Amino acid sequence: MSSPSSPAHPDVVTKRLVLRSWTKSAATAVLDGVRSPHWADDFPAEGDRVIAGLFHQCPDWLGAYGHRLIIERDSGLVVGSIGLFWPPKDGVLEIGYGIVASRRGRGYAPEATQALAEFALTAPDVHTVSADVELSNPASVRVLEKAGFHRWTTADTIARFRIAIPNHGRR
């Protein structure tokens, strides 16, 4: 049996990162401004606070295919978060991510994004992972391209990216 602070779902592990499910206690700490010694100095960022505040409205985001903390394997510190906006709609899940400023430029965002997208495509009834990015954010566009996503449409100021199970029929 797991404690309230330990993850209930298996970690997704990459060469340099561990993607660990958020826990209710981690979300509460973020919302209450309680610092953990296992967080990078600049974690949480504003996006992490927003996500932590939404778990009560979206409890599925705490599930196996939900949101995860990004942990640097070498230091053991939380350096960002990434998540899948569960449940899927017509077989499509949206992904979002953020790395704290002190760890940007190290390739962590594409590494985490690729790993979580691959994991998401193992979920029942999921064939595509998508992300919308503002064109004014070229760094995020590069993250998705490096993670293997393909731009499939651009409208106004938003580019839409996706990665799908190979040979999956699209509508």
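How many helices and how many strands are there in the chain? There are four helices and eight strands, where helices (H or I, at least four residues) and strands (E, at least two) are DSSP runs numbered from the N terminus. This is a predicted model, in which local features need pLDDT of at least 70, side-chain atom pairs count only at pLDDT 80 or more, and totals for chains, interfaces and linings use all residues. Residues are numbered from 1 along each chain as its sequence is written, and side-chain values use heavy atoms, with hydrogens and water left out.

**Overall form**

- Along the sequence, the elements follow the pattern β-β-α-α-β-β-β-α-β-α-β-β.
- The chain has 171 residues and a radius of gyration of 16 Å, which agrees with the value near 16 Å for a compact globule of that length. The radius is taken over C-alpha atoms, and the globule rule is 2.2 Å times the number of residues to the power 0.38.
- Taken along the principal axes, the C-alpha atoms fill a box of roughly 45 × 35 × 30 Å.
- Of the 171 residues, 44% count as buried. Buried means under 20% relative accessible area, exposed means over 50%, and partly exposed lies in between (1.4 Å probe, protein chains only).
- Among contacts (heavy atoms within 4.5 Å) between residues at least 6 apart in sequence, 57% join residues at least 24 apart.

**The sheet**

- Eight strands form an open sheet of mixed pairing, in the order E1-E2-E3-E4-E5-E6-E8-E7. Two strands pair if DSSP finds at least two bridges between them.
- The edge strands are E1 (12-13) and E7, each of which pairs on one side only.
- E2 (residues 17-21) and E3 (residues 67-72) run antiparallel and are joined by five bridges. In this pair, Leu19 stands opposite Ile70 of E3.
- Seven bridges link E6 (residues 128-134) with E8 (residues 158-164) in the antiparallel sense. Here Glu134 stands opposite Ile158 in E8.
- E7 (residues 150-155) is also antiparallel to E8, with five bridges between them. Thr154 stands opposite Ala159 in E8.
- E7 and E8 form a hairpin with two residues between them.

**Helices against the sheet**

- H2 (residues 46-54) has Asp48, Ile51 and Ala52 as its buried residues. Seen down the axis, these fall within an arc of 100°, so they line one face of H2. The arc is that of the directions from the helix axis to the C-beta atoms.
- The buried residues of H2 pack against H1 (24-32), E3 and E4.
- H3 (residues 108-120) lies across E1, E2, E3, E4 (78-89), E5 (92-99), E6 and E8, and runs at about 155° to E5. Axes are lines fitted to C-alpha atoms, for helices over the stretch in contact, and angles run from 0 to 180 degrees between N-to-C directions.
- In H4 (residues 138-146), Ser140, Val141, Val143 and Leu144 are buried. They cover an arc of only 155° around the axis, which puts them on the same side of H4.
- The buried residues of H4 pack against E5, H3, E6, E7 and E8. Gly148, with a positive phi near 95°, follows H4.

**The nonpolar core**

- The largest nonpolar core has 50 residues, and those with the most contacts inside it are Trp22, Phe43, Val129 and Phe149. H3 gives the largest share of this core, seven residues. Such a core is a set of buried Ala, Val, Leu, Ile, Met, Phe, Trp, Tyr and Cys residues joined through side-chain atoms within 4.5 Å.
- Beyond its neighbours within four places in sequence, Trp22 is in contact with residues including Ala27, Phe43, Asp48, Ala52 and Leu69.

**Loops and backbone details**

- Most residues other than glycine have a negative phi, and most peptide bonds are trans.
- The Phe43 to Pro44 peptide bond is cis, with omega near 5°, and Pro44 is in the loop between H1 and H2.
- The Trp86 to Pro87 peptide bond is cis, with omega near 5°, and Pro87 is in strand E4.
- Asp125, in the loop between H3 and E6, has a positive phi of about 65°. Asp125 is exposed, with a relative accessible area of 69%.
- Asp156, in the loop between E7 and E8, has a positive phi near 55°. At 78% relative accessibility, Asp156 counts as exposed.
- Leu135 lies in the loop between E6 and H4 and is partly exposed, at 36% relative accessibility.
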